[in-house]
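Okay, thanks everyone, I'll keep this short. Have a look at the model on the screen while I talk you through it.

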Amino acid sequence: MYGEDLQLALYLCYELHYRGFAGVSPDREWDPELLRIRAALEHRFLSALRADARVHDSVDEALAGLLVEPVEGRGVTHFLRDEGELWHVREYAAQRSLYHLKEADPHAWVLPRLWGRAKAAMAAVEFDEWGGGRADRVHARLFADLMTDLGLDTTYGRYLDAASGEALVTVNLMSLFGLHRALRGALVGHFAAVEITSSPGSRRLAEAMRRTGAGPAAEHFYDEHVEADAVHEQVVRHDVIGGLLELEPHLAPDVAFGIDATEFVEERFGARLLADWRASRSSLRATITQETVDIS
């Protein structure tokens, strides 16, 4: 259920709810036949996630694993910090661009489905992600600047053809949770997992950018996330999750599932990257070229 064909088809269906595609009518967003196909794909995807990722029965147990940094980390961010080369960094950025060029947008779907303390806190964190009202501070804009430093094309969706199925899964998970009111608890769990793990991971990635000479904008993107997400972690844990479960305690298993599913798909993506890189081969399905930026 995590293969490239299914995940690409699902990604294309979901993208109609974001910016769509050139030459495709906006009416396709709510095409009944296309929605029927999407529902069938989602059923297979969600069923596989529930079978493969469900580990914790309580939110506290699920969160506990995120709050402890391993003494000897062996993940992708550790690899990039300690031994990654510039081509590794470029590949990582190209694959992550499928999310980061619309950063925070999938999580916005949950806002109309929350209320009270959870809604206010979620909106506050999203406001930060969107630059606090400043277009030049929107995180998607900062990531585009990072891509420019790395000689990557900043066109939205440019690297869809090159991205691995494992990368598509990480983005589709957000859209799946976000577009279904019944999965609002899982979306909150996903958001918590992202925010809690972001700060230490971003610190390692900032060091990787400096060590490989990726450029000032590349460094700045991750430096920004070290600070911002350290604050967001507390808000999400205490006010978003706390506020949600205060009003809807029956959603606790869904929140835990969202956390566990996020860890599961991220670990799959990381394993794919490291397997390819340690074998000295590209993790991409297509070659990416170095873009020349005219600064005259």
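Predicted model: local features only at pLDDT ≥ 70, side-chain atom pairs only at ≥ 80, totals over all residues.

So, how many helices and how many strands does the secondary structure of the protein come to? It's 12 helices and zero strands.

Now the overall shape. We've got 296 residues, and a compact globule of that length would have a radius of gyration near 19 Å. The protein has 18 Å, so that agrees. If you'd rather think in boxes, the C-alpha atoms fill one of roughly 55 × 45 × 40 Å, taken along the principal axes.

What about the inside? Buried residues account for 52% of the 296. Then the contacts: take those between residues at least 6 apart in sequence, and 81% of them join residues at least 24 apart.

One local spot I'd like to show you. Which residues form a nonpolar patch on the surface? They're L12, F21 and V24, with about 210 Å² of accessible area together. Let's zoom in on F21. You'll find F21 in the loop between α1, which is 4–15, and α2, which is 32–53. Is F21 buried, partly exposed or exposed? Its relative accessible area is 31%, and buried would need under 20% while exposed would need over 50%, so F21 counts as partly exposed.

Conventions. Residues numbered from 1 in each chain as written. Heavy atoms only, no water. Patch = residues over 30% accessible without salt bridge, like charges linked within 9 Å, V, L, I, M, F, W, Y side chains within 5 Å. Areas by Shrake-Rupley, 256 points an atom, 1.4 Å probe, with all protein chains shown as cover. Salt bridge = Lys/Arg side-chain N within 4 Å of Asp/Glu carboxyl O. Helix = DSSP H or I, 4+ residues; strand = E, 2+ residues; numbered from the N terminus. Buried < 20%, exposed > 50% of the residue type's maximum accessible area, 1.4 Å probe, protein only. Rg over C-alpha atoms; globule rule 2.2 N^0.38 Å. Contact = heavy atoms within 4.5 Å.
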